[in-house]
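Welcome, and please have your viewer ready.

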Amino acid sequence: MNEIMAKTLSFGINGVNGFPVTVEVFGINGIPGMEIIGLPDTSVRESKDRVNAAIINSGRQMQPRRITINLAPADTKKEGPSFDLPIAIGILLASGEMVPDPGIRMDEIAMFGELSLDGLIQPISGVLPMVISAKEYGIRKVIIPAGNAKEVACIEEMEVFPAQRLEEVILHLEGKKTIQPQKTISYDHLIRDFHCSVNMSQIRGQQAARRALEVAAAGGHNLMMVGVPGSGKTMLARALPGILPPLSFSESLETTRLHSICGRLSADSGLMVERPFCAPHHSASVASLIGGGPDATPGEVSLAHNGVLFLDELPEFSRASLEALRQPLEDGFVTVSRVRRQAVYQSSFMLVAAMNPCPCGYFGSSRKNCRCTTQEIRRYLDRISGPLLDRIDIQIEVDAVPVQEIRNSRPAESSETICLRVTEARKLQLNRYRGTSIHCNSQLDGKGIRQYCILDPEAEMLLHNAVETMNMSMRAYNRILKVARTIADLEKQEKIRVHHIAEAIQYRELDQKYWR
Amino acid sequence: MGTNDFSTELLSMWLASTGIQPDKMRLLLEQFGSPEAVAEGWQQQREPFLPLLNERELSLLKRRFDEIKNSGWDARIRQFGIHAVTIVDEDYPERIKNIPAPPAILFYQGDLSALTGKCLAMVGSRRASYAGLQATEKIACDLSHAGVRIVSGFAYGIDTSAHKGCLNGPSPTAAVLGCGLNFNYPAENADLKKKVLDRGGVMISEYILDEKPLGPHFPVRNRIISGLSDAVVLMEAQIHSGSMTTVNHAAEQNRDVFVYPGDPQSELCSANHLLLREGAIYFTKAEDILEDMKWLDNKRNVGQNIDCSTAEANLTETEKRILSALRPGALGFDQLVDKTGLDAAGLLSHLTMMQIKGLVESMPGKFYQVKQ
């Protein structure tokens, strides 16, 4: 017989979702050669040379035939080196170099992996979304690179075979030597062993900022810190993920998936248990923040999904980048459209912004004189647009902590203690907003504020007083109510009382000092 | 249409719009006694006109009269509440009569009586340091409490702080503009303008309606600022700046010049130190000026103290504790937490209450101080 034919199963990635790809191998007598069709990109097309060498270095023969490889469906673009493994197995099957064990059905087992010339299987990006999709398509067995094993270890009802070499896969399929399936690690187990990287107990002084962080975490409020250089804004921001409630399993899957697509996971990291903390530099382009590029890959806002996006030196970001943040801040997802691709990525994150009070950085500092004029300061502050400020509920000033303060101060509360209070407050909110699309206080709109932010009469009077004497705008008014709601939730009180409002007003003081 | 159908203000605008030299205009007004009389005399070609004015000026008077006749300015003058005062009027500010080339006609909004009594010009750059602005506001406020009215130029920076400081005290303030009174210039000071007028102050200009705030107007306008005042106080200026013209005018007009020391290292205060070396009067606080001007009397500051003591009676224990912690000087938030023993949340809410009561103010950098 001159014609030969074989099929193997793999998955490709579009956005955050995988789609099944059938690798069809067809060989015929003729001038030896190999052709890959089905809209492959360059890395897929180059796979023929890797496959060739890997097969020979695994002790098998490449028969001299004319081979056509089709990646079906033929109308969707295929990217990346993850098809190396299914192509290699397809060629071996078609040429009869390998005869599968009668108990194994090739259309029930999906495989991904990049081959190196010596037959090793290299880790690839996007394994988690592909395995999740495979599960959704009813596939129960997957062969993946050993380096990606931990990433998918938490997925249940799935037989995952991590392979180091092409040879192992061949032997496994021939039924000669079975690969040990990956043991399932429960998510609870992972999260129990987790410690956040920056603990609040490491932060000295900064009482006001600590409290502001707690309130922000409890209500999911976006936060802005203004302070002189070296006042610890970055450290405070880094501590925020640690006081947010622990990532739930589904949140962790969502976030790990996005990181997996971008290849941001290291080989030994499993599902992410720490909330992501993304701090793009202020030279970041719109595409890198929001997502984009020819393949519409996710941007920083999506990598920060379920975590914290920290923008240091906020006024130095380009106007376009800052304005582009408005949609993800509002909707919790971004739609990235490119000519060839469209993708929707989740992007519900807490924004923490930090900035100096003026171009030289020392306006209002107790240690160094500011050299800026009022106009220079105004121009600097004006780079941040009203609509963006509108989405930031809490503003706080941070001053550098004096050295003797760092040595003398009492040990501060740890992240774990704060996290407990925050988690309680979040639970209260979830109960209150059950049956609506709202999860936390920061998402309340005008109508929700009227419905849920009920003031006692004394508090009402104080707020009116404050709006008048402190010259506050209507936008500040609504923010104060939302933040006061959160402060009341931290105390487990249904009604908002005077001292809740009074505290919330302090988180708007920048409105009066800077954005007047 | 006869000239007697027109208001004094419109006729004054007409005269001012011709650009006839102030000296000549003064002569005209002194001859006839009022803008109406000047207009009547002009129409009837009465005697002093022909020898006093040349051909060009006469034709200008005619041309402007025709323009203004149907311009609808009358309604606009009423709308903006603009009044005119000429050098022959009784309520023309006394002090400015004696300067070289006093303006023959002044336009104003508000109350001209704000310029009676003790008046000081407070001037400085638009580009000013934060410290300079703070000092200006404080000193202007103290002077205001001592019954001194502050005259300034209504520009950004020091001028704005001087007006604001004066309004923080009880006295009215006067602003001299370099453009027509219908302009809101600078635009950001629209609220301030309203406040100046509400508090019995006055906005003054020698320019007619629609005259734009052009560069050359400002040095000329500066002679009015110093002319309306008993002395000039320079807060912060660079050597080549508009404030220096005010100082030069003050010298010509025989006014004392007080100069605030400012930061010797800062470029923004270069003029201050030059003037101090040349013998300008050194001062650091309002009392210095009052003493040198011989304006000190025993009654001043009495009002302030009473105010504080009554407010303190209604304080809670915690508020008293916070206040006593702040008495020695401004404190950062962390130090305040240590001194009062309150937790952050509690202290934040107490501070809000005290800010609303006007006892405490917060300063840039998360600092708090007792409100003065």
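How many residues of chain A are in contact with chain B, and how many of chain B with chain A? Select both sides: 30 residues of chain A are in contact with 24 residues of chain B, where contact means that the C-beta atoms, placed from the backbone, lie within 7 Å. Before going further, note that this is a predicted model, in which local features need pLDDT of at least 70, side-chain atom pairs count only at pLDDT 80 or more, and totals for chains, interfaces and linings use all residues. Residues are numbered from 1 along each chain as its sequence is written, while chains are lettered from A and ligands numbered from 1 in the order in which they are written.

**Stop 1: the chain A side**

Stay on the side of chain A that touches chain B. The elements giving two or more residues to it are helices H7 (207-219), H14 (374-381), H19 (457-469), H21 (498-506) and H22 (509-513), together with strand E18 (394-398). Helices (H or I, at least four residues) and strands (E, at least two) are DSSP runs, numbered from the N terminus. Highlight H21(A), which gives the most to this side, with 5 residues.

**Stop 2: domains**

Colour chain A by its domain assignment: domain 1 (4-174), domain 2 (192-415 + 423-432) and domain 3 (444-516). Such bounds come from an automatic or database domain assignment. Taken over C-alpha atoms, the centres of domain 1 and domain 3 of chain A are separated by 59 Å. Chain B is divided into domain 1 (3-110), domain 2 (112-292) and domain 3 (302-370). There, 56 Å separate the centres of domain 1 and domain 3, again over C-alpha atoms.

**Stop 3: the sheet of chain B**

Now show the strands of chain B. An open sheet of 9 strands runs in the order E1-E2-E6-E5-E4-E3-E7-E8-E9, with mixed pairing; two strands pair if DSSP finds at least two bridges between them. Strands E1 (83-86) and E9 (281-282) of chain B stand at the edges with a single partner strand each, so one side of each has no neighbour in the sheet.

Zoom in on E3(B) (residues 119-123). E3(B) runs parallel to E4(B) (residues 149-152), joined by 3 bridges, and B:Ala121 has B:Val151 as its bridge partner. E3(B) is also parallel to E7(B) (residues 231-234), with 4 bridges; here B:Met122 stands opposite B:Val233.

Step on to E8(B) (residues 256-259), which pairs with E7(B) in the parallel sense over 4 bridges. B:Leu234 stands opposite B:Val259. From E7(B) the chain crosses through helix H11(B) (residues 242-252) to E8(B) in a right-handed β-α-β crossover (with the strands pointing away from the viewer, the path from the first strand over the helix to the second runs clockwise).

**Stop 4: helix pairs of chain B**

Select H8(B) (residues 158-168) and H9(B) (residues 190-198). Their axes come within 11 Å and cross at roughly 40°; axes are lines fitted to C-alpha atoms, for helices over the stretch in contact, and angles run from 0 to 180 degrees between N-to-C directions. The two helices are therefore oblique to each other (angles under 35 degrees count as roughly parallel, over 145 as roughly antiparallel, 65 to 115 as roughly perpendicular and the rest as oblique).

Finish with H10(B) (residues 217-227) and H11(B), whose axes come within 8 Å and cross at roughly 45°. Show the side chains too: residues of H10(B) including B:Phe218 and B:Ile225 meet residues of H11(B), among them B:Thr245 and B:His249.

Notes
Two residues are in contact if their C-beta atoms, placed from the backbone, lie within 7 Å.
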